[in-house]
Amino acid sequence: TLTVEELMGQLLETLGGGREGDPPDQNALLELLGFEAFDFIEKLIDRRDGLISEWNDLKKRAEDISRSRASAAPSSSQQRGSRGVALGPTIVINSTSEKRNAKQSRKAAQGK
């Protein structure tokens with residue numbers, strides 16, 4: 001079983017393709033997310049350039065933060081063992097029933 005972070009990493013790396021300009025491996029995306037996520041995969045592919053750009057920016061920022069922390073002396077919070085904030089894009093996946101409930105809520109709100 002993958003953690004959310006591992007799934008996101010694999011998803012974004014697969015979405016990025018091999019070299020710049022290469023199309024994503026759609027079969028790998030289907031295996032990773034399952035066929036029931038076909039519409040979601042289509043949306044990911046449509047938004048691929050923006051997602052990959054943001055992913056690369058976040059990876060670069062994380063590397064910069066790691067380098068700056070490694071060169072700095074440990075602070076008192078680091079000495080106590082506290083953890084920093086994890087950086088990464090957020091993708092929300094709703095089940096069919098959640099989508100249906102949200103749609104009913106929106107209709108009810110419009111009807112008032």
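User: Which residues are linked in a network of salt bridges?

Analyst: Lys60, Glu63, Asp64 and Arg67 are linked in this way. Please note that this is a predicted model, in which local features need pLDDT of at least 70, side-chain atom pairs count only at pLDDT 80 or more, and totals for chains, interfaces and linings use all residues. Residues are numbered from 1 along each chain as its sequence is written, and side-chain values use heavy atoms, with hydrogens and water left out.

User: What makes the contact of lysine 60 with aspartate 64 a salt bridge?

Analyst: A salt bridge requires a side-chain nitrogen of Lys or Arg within 4 Å of a carboxyl oxygen of Asp or Glu. For lysine 60 and aspartate 64 the N to O distance is 3.4 Å, so the pair qualifies. Aspartate 64 also forms a salt bridge with arginine 67, at 3.1 Å. Both pairs lie in helix α4, where lysine 60 and aspartate 64 are four residues apart, and aspartate 64 and arginine 67 are three residues apart. A helix here is a DSSP run (H or I, at least four residues), numbered from the N terminus.

User: Why is arginine 67 called exposed, and aspartate 64 partly exposed?

Analyst: Buried means under 20% relative accessible area, exposed over 50%, and partly exposed in between (1.4 Å probe, protein chains only). Arginine 67 has 52% and is therefore exposed. Aspartate 64 has 32%, so the term partly exposed applies.

User: Which parts does the salt bridge of lysine 59 with glutamate 13 tie together?

Analyst: The closest N and O atoms of lysine 59 and glutamate 13 are 3.0 Å apart. Because lysine 59 lies in helix α4 and glutamate 13 in helix α1, the pair ties together parts that are 46 residues apart in sequence.

User: How do you know that the length of α1 agrees with expectation?

Analyst: The expected span is 1.5 Å times one less than the number of residues. The 13 residues of α1 should span 18 Å, and the end C-alpha atoms are 18 Å apart, so the two values agree.

User: What makes a set of residues a nonpolar core, and how many residues has the largest one?

Analyst: The residues must be buried Ala, Val, Leu, Ile, Met, Phe, Trp, Tyr or Cys, joined through side-chain atoms within 4.5 Å. The largest nonpolar core has 12 residues, among them Met8, Leu11, Leu29 and Trp55. Helices α1, α2, α3 and α4 each supply at least two residues of this core, and α1 gives the most, with four.
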